[in-house]
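Thanks for making the time this morning.

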Amino acid sequence: MVLMRGVRMQGCKDVSLGMFSAHAPGDEALCREDVESFMKQPGNETADVVLKKLDEQYQKYKFLELNLAQKKRRLKSQIPEIKQTLEILKHMQKKKDSSHPMETRFLLADNLYCKASVPPTDKVCLWLGANVMLEYDIDEAQALLEKNLSTATKNLDLLEEDLDFLRDQFTTTEVNMARVYNWDVKRRNKQDPSENKA
């Protein structure tokens with residue numbers, strides 16, 4: 001039996017991105033070209049009220065972006081770990097019928113490696129996260145890691161799409177805020193043109 005350190009598979013479940021998915025219904029910022037009619041809608045009493053709503057929406061997008069960026073960083077670090085572990089498993093698969101032990105180095109702590117002589121084996125232990133480790137046959141471990149690699153890659157692609165969506169929402173919300181602000185400035189200038197001359 002061989003212990004495989006550094007393989008954490010949390011976050012690699014075959015599930016959607018959950019509450020941080022940027023494509024939730026009603027979350028899309030609509031481009032407000034006709035600000036005059038937009039400001040006449042119920043709930044849009046003053047420009048300050050509308051700007052406050054738009055700022056809250058903008059902050060919500062920022063929060064989503066922060067969470068998606070954290071998930072992206074975590075997945076980007078997990079994918080190379082999974083690939084490296086798969087390579088080790090493939091090497092062990094080749095050596096399991098050999099009678100000679102495999103000489104290797106393993107990570108003991110950050111930047112500290114230890115030499116090891118590993119006898120031929122068909123069992124490995126994988127860290128699953130949350131201080132959980134399970135023993136697998138090499139074939140089972142390889143199948144599990146390939147599935148997790150596929151899921152992590154798919155989730156990374158979905159995260160990229162969600163981040164692109166959020167960037168569009170930032171731009172649209174910023175444009176809407178600028179339009180409402182400019183509309184309010186023009187409205188005030190029409191109401192009191194004497195202040196402009198001063």
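This is a predicted model: local features need pLDDT of at least 70, side-chain atom pairs count only at pLDDT 80 or more; totals for chains, interfaces and linings use all residues.

**From the hairpin to the cores**

Let me begin with a turn: β2 and β3 form a hairpin with two residues between them, and N111, in that turn, has a positive phi of about 60°. Residues are numbered from 1 along each chain as its sequence is written, and side-chain values use heavy atoms, with hydrogens and water left out.

The protein as a whole has four helices and five strands, where helices (H or I, at least four residues) and strands (E, at least two) are DSSP runs numbered from the N terminus. Along the sequence they follow the pattern β-α-α-β-β-β-β-α-α. Of the 198 residues, 33% count as buried, and here buried means under 20% relative accessible area, exposed over 50% and partly exposed in between, with a 1.4 Å probe and protein chains only.

Which residues have the most contacts inside the largest nonpolar core? They are Y61, L89, V124, A141 and L145, in a core of 26 residues; a nonpolar core is a set of buried Ala, Val, Leu, Ile, Met, Phe, Trp, Tyr and Cys residues joined through side-chain atoms within 4.5 Å. Helix α2 (47–95), strand β4 (123–129) and helix α3 (138–191) each supply at least two residues of this core. Another core lies apart from it and has nine residues, among them M39, A47, V50 and W183. If we leave aside neighbours within four places in sequence, A141 is in contact (heavy atoms within 4.5 Å) with L89, V124, L126 and Y136.

Further along helix α3 we find L156, which is buried, with a relative accessible area of 14%. L156 and L75 are 81 residues apart in sequence, yet their C-alpha atoms are 6.6 Å apart in space. With the same exclusion of neighbours within four places, L156 is in contact with K72, L75, K76 and I79.

The unreviewed UniProt entry carries the annotation "coiled-coil region" over residues 142–176; UniProt positions are given in the numbering used here, feature names are shortened, and annotations may be inferred rather than shown by experiment. In the model, the chain over residues 142–176 is 100% helix and 0% strand, with its end C-alpha atoms 51 Å apart.

A130 counts as exposed at 73% relative accessibility, and N131 counts as exposed at 75%.

Lastly, the cysteines: a search of the whole structure finds zero disulfides, a disulfide being a pair of cysteine sulfur atoms within 2.5 Å. C31 is partly exposed, with a relative accessible area of 45%, whereas C125 is buried, at 8%.

How values were computed. Two strands pair if DSSP finds at least two bridges between them.
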